[in-house]
Amino acid sequence: MECTHLDTIRDVTPTGRGCKECLEMGDTWVHLRLCLTCGHVGCCHSSKNKHATKHFRAKAHPIVRSFQTGEDWAWCYVDNVFLET
């Protein structure tokens, strides 16, 4: 299956170096994801708060990229596919 949401990718500025919501609540995360529509940085689905997934559900921004050093992939929540970036 291919991603049908590539047109939502923008040149974004990350909202910070960590998960915005976890930092505000004084919590931790496992890995970070960058929304490629707006630049929101949220914690991954393996993190207890799942802020990147919650951001997708609230804003319908479909594609996130790994915000981890050395990782070069993206994920489309809608089409459930990995993308090479």
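# Notebook: a look around one chain

Entry 1: I began with Asp11, which counts as exposed because its relative accessibility is 81%, and the cut-off for exposed is over 50%. I am working with a predicted model, so I keep that in mind for every entry. Asp11 sits in the segment before helix 1 (20-25).

Entry 2: Is Thr8 buried or exposed? Thr8 counts as buried, because its relative accessibility is 18% and the limit for buried is under 20%. I listed what Thr8 touches, leaving out residues up to four places away in sequence, and found Leu36, Thr37, Pro62 and Ile63.

**Entry 3: the whole chain.** Next I stepped back to count elements, and I found two helices and five strands. Along the sequence they come in the pattern α-β-β-α-β-β-β. I looked up the box that the C-alpha atoms fill, and along the principal axes it is roughly 35 × 25 × 20 Å. How does the radius of gyration fit a compact globule, and why? The chain has 12 Å, which agrees with a compact globule because one of 85 residues would have a value near 12 Å. I also checked contacts between residues at least 6 apart in sequence, and 48% of them join residues at least 24 apart.

**Entry 4: inside and surface.** Of the 85 residues, 44% count as buried. The accessible surface comes to about 5,200 Å², and carbon and sulfur atoms own 51% of that. For charges, I noted 10 positive and 10 negative side chains, with the centres of the two sets 9 Å apart.

Entry 5: A reminder to myself: nonpolar side chains tend to be buried together in soluble globular proteins. The largest nonpolar core here has 14 residues, and Cys3, Ile63 and Leu83 touch the most other members. Strand 1 (32-35), strand 2 (41-43), strand 4 (73-76) and strand 5 (81-84) each give at least two residues to this core. Which residues does Leu83 contact, setting aside its neighbours within four places in sequence? I found Cys3, Leu6, Ile63, Trp73 and Ala74.

**Entry 6: helix 2.** I turned to helix 2, residues 51-59, where His51, Ala52, Thr53, His55 and Phe56 are buried. The buried residues of this helix pack against helix 1, strand 1 and strand 2.

**Entry 7: two positive phi values.** Most residues other than glycine have a negative phi, so I was glad to have two cases to write down. Lys50 is not a glycine, yet its phi is positive at about 50°. I found Lys50 in the loop between strand 2 and helix 2. Lys50 counts as partly exposed, because its relative accessibility is 29%. Ala60 is not a glycine either, and its phi is positive at about 60°. Ala60 follows helix 2, in the loop between helix 2 and strand 3 (63-66). Is Ala60 buried or exposed? Ala60 counts as exposed, because its relative accessibility is 56%.

Methods
Residues are numbered from 1 along each chain as its sequence is written. This is a predicted model: local features need pLDDT of at least 70, side-chain atom pairs count only at pLDDT 80 or more; totals for chains, interfaces and linings use all residues. Side-chain values use heavy atoms; hydrogens and water are left out. Helices (H or I, at least four residues) and strands (E, at least two) are DSSP runs, numbered from the N terminus. The radius of gyration is taken over C-alpha atoms; the globule rule is 2.2 Å times the number of residues to the power 0.38. Buried means under 20% relative accessible area, exposed over 50%, partly exposed in between (1.4 Å probe, protein chains only). Contact means heavy atoms within 4.5 Å. Accessible areas come from the Shrake-Rupley method with a 1.4 Å probe; for residues, only the protein chains shown count as cover. Lys and Arg count as positive and Asp and Glu as negative; His and the chain ends are not counted. The place of a charge is taken as NZ of Lys, CZ of Arg, CG of Asp or CD of Glu. A nonpolar core is a set of buried Ala, Val, Leu, Ile, Met, Phe, Trp, Tyr and Cys residues joined through side-chain atoms within 4.5 Å.
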